[in-house]
Amino acid sequence: MSSPAPSPVLLGVSLKMYFGHHQTLNWSRRIAALAGRHPAVTSGAARLFVLPAFPALVPATGILAPYGVALGAQDIATEDSGPYTGEVSGPVLREIGCRYAEVGHAERRRLYGEGDTVVAAKTAAALRNGLTPVLCVGERDEADPADAAARTLAEAQRLLGGLEGAVVLAYEPQWAIGAPEPASADHIATVCTALRGWLDTRPRHAGSTVIYGGSAGPGLLTRLAGTAEGLFLGRFAHDPANVEAILDEIRSPAPAAVA
Ligand SMILES: O=C[C@H](O)COP(=O)(O)O
């Protein structure tokens, strides 16, 4: 009997606020072309999602969605409609074709004062609107792997406590974001394994995925050897050649033998 196919590797990219509008669309065209021809994507061994700035969501969906690349927002309002100047609601994100909404990123916590209450409310907003939250969790200061796992697990438990639905849990140790190198493979494996183990005890989060972000780039997936279910990429995805190098690390299923 053949063993079941492994779950697809999930690769997400947040463009944060790095690119101009036309630059975002040009980059999206290159990623679409890559997704259309790379065997890791065309075989279903890898799934891609992209989180551009809000104004690019509609045109980038037109470019990327035909190649199976999902789109998502880098933020979401806690409320679904009303007098919330400057916010973008879950229903609108859903209406324009988003599949994901990022919540809890360290930059939003640090620069915009978002705390657990807001992060949990944004996670709930994504779930009730049929969007998969990309919920970022991770320790602020460098800690040993066991300590980092305990802190990150407690954070995930706090944020997801009363909620139900599949999430992407993005383990992003804050000290590894914007750094020259990611956390060590051993560190990432310890924390992601703890998160996965907890999710496995929660049927209400069936279908969830644990990925790693924080200076992730080519070579890391291989070093992680399946201990994370994907990567959340930042700067190192700006060059599509790096995205291609990461896809090259994902083994595509061999074509079925002709009888
Ligand atoms: O959203 C992505 C992460 O914050 C990682 O960004 P980075 O790879 O540029 O450190």
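Predicted model: local features only at pLDDT ≥ 70, side-chain atom pairs only at ≥ 80, totals over all residues.
Okay, let's start where the ends of the sheet meet: strand β1, residues 9-14, pairs with strand β8, residues 230-233, in the parallel sense over 4 bridges. Strands here are DSSP runs of E with at least two residues, helices are runs of H or I with at least four, and both are numbered from the N terminus. Two strands count as paired if DSSP finds at least two bridges between them.

Residues are numbered from 1 along each chain as its sequence is written, and side-chain values use heavy atoms, with hydrogens and water left out.

So what do the strands build? They make a closed barrel of 8 strands, running β1-β2-β3-β4-β5-β6-β7-β8 with parallel pairing. From one strand to the next, the twist averages 25° (axes are lines fitted to C-alpha atoms, and angles run from 0 to 180 degrees between N-to-C directions).

Now zoom in on β5, residues 132-137. Strand β5 is largely enclosed by the rest of the structure, because 5 of its 6 residues are buried, meaning under 20% relative accessible area with a 1.4 Å probe, protein chains only. On one side, 4 bridges join β5 to β4, residues 100-103, in parallel, and Tyr-100 has Thr-132 as its bridge partner. There are also 4 parallel bridges between β5 and β6, residues 168-171, with Val-134 partnered by Val-168. To get from β5 to β6, the chain goes through helix α7, residues 145-160, in a right-handed β-α-β crossover; that's clockwise from the first strand over the helix to the second, with the strands pointing away from the viewer.

Last thing, pockets. A pocket is an open set of points on a 1 Å grid where a 1.4 Å probe fits, with protein on both sides within 12 Å along at least five of seven lines, and lining residues have an atom within 4 Å of a point.

Lys-16, Met-17, Gln-74, Arg-108 and Tyr-112 lie nearest its centre, out of 15 lining residues. Helix α5, residues 106-112, gives the most there, with 4 residues.

Methods
Buried < 20%, exposed > 50% of the residue type's maximum accessible area, 1.4 Å probe, protein only.
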